[in-house]
Amino acid sequence: MQNCGVCDHHRRTSDQFNYEIVRTTHWVFRHHPAPAPLLGWLLLDSRRHFAGPIDFKPDEAASLGKAIQIGSGLVQRLTKCDRVYAIAFGEGAQHLHLHLIPRFQVDLNTTAWAVADHYRAVSNGQRAAVAPTQIAEFVNQARLLAQSFEL
């Protein structure tokens, strides 16, 4: 598929180095690229093109729950957040990409609908994005932890 932003991230060597945590047969875990709205905002991408769960092959469907559980666990363990939102809109690309977003009780910017406003504010330069050094540290820690999981 031409002009697929998700595939571009998967192919781009700099994105693999800076953001990718682990790549499995069916999934890619990666940190949200710059400008990242929150530290620990991960993306779980399908490796092949499909719009959503209706298009899963049996082995993709069987592996998704474990992938979400592991990705959410990485977010929670490394950010110490109170919970992890799992959101998939499917409008940006014909490529399943699930957002795993840390939710902190003390940060109103991370409440359900406010997180979208926070995202837009960072994207528009109205709020500071996560520093690249923080993302690098998170990705390195997540890579080490991911080695201990059977994906």
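Two strands pair if DSSP finds at least two bridges between them. In this predicted model, that rule describes how L42 stands opposite L100 in β5.

Five strands form an open sheet, and their order is β1-β2-β3-β5-β4. The pairing in this sheet is antiparallel. Strands β1 (20–23) and β4 (83–87) stand at the edges, and each has a single partner strand, so one side of each is left without a neighbour in the sheet. From one strand to the next, the twist averages 20°.

Strand β5 comprises residues 97–103 and pairs with β4 in the antiparallel sense over five bridges. Within this pairing, V84 has P102 of β5 as its bridge partner. Strand β5 also pairs with β3, again in the antiparallel sense, over four bridges.

How many of the seven residues of β5 are buried? The strand is mostly covered, for seven of its seven residues are buried. In a regular strand the side chains alternate between the two faces of the sheet. In β5, the residues H97, H99, I101 and R103 point one way, while L98, L100 and P102 point the other way, and all of them are buried.

Helix α4 spans residues 114–123. Its residues V115, H118, A121 and V122 are buried. Viewed down the axis of α4, the buried residues fall within an arc of 120°, so they line one face of the helix. An α-helix has 3.6 residues a turn, so residues three or four places apart point the same way. What do the buried residues of α4 pack against? They pack against β5. After α4 comes G125, whose phi is positive, near 80°.

Helix α5 (residues 132–146) is the place of Q134. This helix lies across β1, β2 (27–31) and β3 (42–46), and runs at about 25° to β1. Q134 counts as partly exposed because its relative accessibility is 41%, which falls between the limits of 20% for buried and 50% for exposed. Q134 and G40 are 94 residues apart in sequence, yet their C-alpha atoms are 9.5 Å apart in space.

## Aromatic pairs

A search of the whole structure finds three aromatic pairs. Two of them are described in the table.

| Aromatic pair | Arrangement | Centre to centre | Angle between planes |
|---|---|---|---|
| W41 and Y119 | tilted | 5.3 Å | 45° |
| F50 and F56 | edge-to-face | 5.4 Å | 80° |

W41 lies in the loop between β2 and β3, and Y119 lies in helix α4, so the pair ties together parts that are 78 residues apart in sequence. Is W41 buried or exposed? W41 is buried, because its relative accessible area is 3%. Y119 has a relative accessibility of 30% and therefore counts as partly exposed.

Ring pairs link F50 and F56 with W27 into a cluster.

## The surroundings of E60

E60 is found in helix α3, which covers residues 58–79. With a relative accessibility of 4%, E60 counts as buried. Which residues is E60 in contact with, leaving aside its neighbours within four places in sequence? They are H26, W27, R48, F50 and D55. Two of these residues, W27 and F50, also belong to the ring cluster.

A polar atom of the E60 side chain lies 2.8 Å from the backbone nitrogen of K57. F89, by comparison, is 29 residues from E60 in sequence, and the C-alpha atoms of F89 and E60 are 19 Å apart in space.

Technical notes:
Residues are numbered from 1 along each chain as its sequence is written. This is a predicted model: local features need pLDDT of at least 70, side-chain atom pairs count only at pLDDT 80 or more; totals for chains, interfaces and linings use all residues. Side-chain values use heavy atoms; hydrogens and water are left out. Helices (H or I, at least four residues) and strands (E, at least two) are DSSP runs, numbered from the N terminus. Buried means under 20% relative accessible area, exposed over 50%, partly exposed in between (1.4 Å probe, protein chains only). Axes are lines fitted to C-alpha atoms, for helices over the stretch in contact, and angles run from 0 to 180 degrees between N-to-C directions. Contact means heavy atoms within 4.5 Å. Rings of Phe, Tyr and Trp (its six-membered ring) pair if their centres lie within 6.5 Å; planes under 30 degrees apart count as stacked, over 60 as edge-to-face and the rest as tilted. The arc is that of the directions from the helix axis to the C-beta atoms. A polar contact is a pair of N or O atoms within 3.5 Å; within protein, one must be able to donate a hydrogen and the other to accept it, and residues adjacent in sequence count only if both atoms are side-chain atoms.
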